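Please keep the sequence and the 3D view at hand while reading.

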Amino acid sequence: MEGLSVAAPADMSQLRALFAATEGPMTFIAGGTDMLIARRPPPAGGLLIDLSRIAGMAFISTDSGDIRIGGATTVAAIAADHGLRARLPALAEAAAQCGSVQIRNRATIGGNIANAAPAADLLPVLVAAGARLECIGRDGASCELAICGYAPDRGHLIAEVILPRSGLLPRSAFVKLGPRQDLSISRLNIALLAEFRDDHFGNVRIAAGALGPRPLRLPLAEAALVGKELAPATLRDFLSALTAEVDAAIPGRGSQAYKRRAIAGLGLNLVAQALGLSPREHLFEDAAR
Ligand SMILES: Cc1cc2nc3c(=O)[nH]c(=O)nc-3n(C[C@H](O)[C@H](O)[C@H](O)COP(=O)(O)OP(=O)(O)OC[C@H]3O[C@@H](n4cnc5c(N)ncnc54)[C@H](O)[C@@H]3O)c2cc1C
């Protein structure tokens with residue numbers, strides 16, 4: 001086949017039939033918000049598959065144990081879903097802070113993962129929650145991959161994002177810092193999932209973006225909270241751990257000084273948001289001093 005052909009399957013069986021019938025290179029486009037503005041040229045040949053009309057790829061299911069989200073679900077749908085906001089507020093919040101209304105209406109969760117930008121806003125929440133991806137390989141076979149094991153250049157289609165019940169903790173939050181308030185690519189973003197009871201943290205998972213090529217779990221910051229009482233001393237230890245994470249992730253980088261200060265402010269907002277408190281409460285102001 002010469003030149004680029006385009007296919008727009010209507011359902012998953014048509015999509016699978018295309019996988020079986022195509023021998024040459026295959027590329028996907030969903031919302032096009034990354035692909036169409038990328039500096040690299042669009043594919044010159046092979047088959048470009050438009051995922052945006054596949055009904056079975058855009059859904060959010062939060063009723064049973066695991067949360068399941070179709071790979072072509074838009075960021076706007078994720079931001080607006082009440083069930084998702086109840087079970088994993090951090091993901092709805094991360095989606096609500098992606099781009100503009102127009103971008104959110106086109107952008108998809110599968111595109112956010114596959115584009116794998118260091119500052120992608122959905123990724124820290126997905127990493128902290130231990131997301132798994134239901135994929136279709138180039139040979140048409142389905143496989144399940146951990147989000148950290150997904151390699152964009154292998155050509156796997158992300159059919160579904162699975163958030164296992166075991167990875168979901170009752171409190172969660174997402175905060176980001178960009179060069180301006182709206183329509184801003186993150187300079188730093190961070191997600192927290194936590195258990196919190198009787199003023200004490202239980203299990204805690206934290207991941208941050210824009211500290212390296214991929215989002216990172218922050219084990220020092222997690223350890224500073226796990227099992228600890230919510231108190232200024234705990235929060236001070238947490239802030240020291242966050243700055244140590246920045247020092248370990250980007251030693252000597254031009255942005256290190258800025259990010260080690262920025263992550264402290266973000267960290268306090270993150271904890272306050274997860275616990276439904278104001279970051280202006282004395283507790284947080286004491287910790288920041
Ligand atoms: C003005 C502007 C502002 C933005 N602001 C933000 C922001 O604040 N936060 C943020 O995180 N991002 C932001 N983005 C980036 C972008 O909107 C997101 O990364 C979006 O989620 C990409 O999804 P998409 O469906 O548009 O991807 P596309 O552009 O369609 O595809 C991107 C890549 O992913 C691949 N792909 C798409 N879907 C799948 C799938 N299901 N399986 C496998 N591969 C797939 C494509 O082949 C392509 O390589 C912004 C972009 C623009 C233009």
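Domain bounds, as used here, come from an automatic or database domain assignment. Domain 1 (4-48 + 57-115 + 130-163) and domain 2 (178-288) each contribute residues to the shell around the ligand, so the ligand lies between them. The model is predicted, so local features need pLDDT of at least 70 and side-chain atom pairs count only at pLDDT 80 or more, while totals for chains, interfaces and linings use all residues. Residues are numbered from 1 along each chain as its sequence is written, and side-chain values use heavy atoms, leaving out hydrogens and water.

**The shell around the ligand**

- The ligand is surrounded by 32 residues, where a residue is near a molecule or strand if one of its heavy atoms lies within 4 Å of it.
- The closest residues are Phe-28, Thr-33, Asp-34, Met-35 and Thr-108.
- By type, the shell holds 17 nonpolar residues, twelve polar and three charged; Ala, Val, Leu, Ile, Met, Phe, Trp, Tyr, Cys and Pro count as nonpolar, Asp, Glu, Lys and Arg as charged, and the others, Gly among them, as polar.
- Helix H6 provides the largest share of the shell, five residues; helices (H or I, at least four residues) and strands (E, at least two) are DSSP runs, numbered from the N terminus.

**Atoms facing the ligand**

- An oxygen atom of the ligand lies 2.6 Å from a polar side-chain atom of Thr-33.
- The side chain of Asp-121 has an N or O atom 2.8 Å from a nitrogen atom of the ligand.
- For Lys-176, a side-chain N or O atom is 3.2 Å from an oxygen atom of the ligand.
- Taken alone, the ligand exposes 980 Å², of which the protein buries 89%; accessible areas come from the Shrake-Rupley method with a 1.4 Å probe, and for residues only the protein chains shown count as cover.

**Cysteines**

- The whole structure contains zero disulfides, a disulfide being a pair of cysteine sulfur atoms within 2.5 Å.
- Cys-98 is in no disulfide, and its nearest cysteine sulfur, that of Cys-148, is 18 Å away.
- Cys-98 is buried, with a relative accessible area of 9%; buried means under 20% relative accessible area, exposed over 50%, and partly exposed in between (1.4 Å probe, protein chains only).

**Asp-247**

- Asp-247 is located in helix H9 (residues 232-249).
- Asp-247 counts as partly exposed because its relative accessibility is 24%.
- Asp-247 and Lys-259 are twelve residues apart in sequence, and their C-alpha atoms are 9.1 Å apart in space.

Conventions. Polar contact = N/O pair within 3.5 Å; in protein donor to acceptor, adjacent residues only side chain to side chain.
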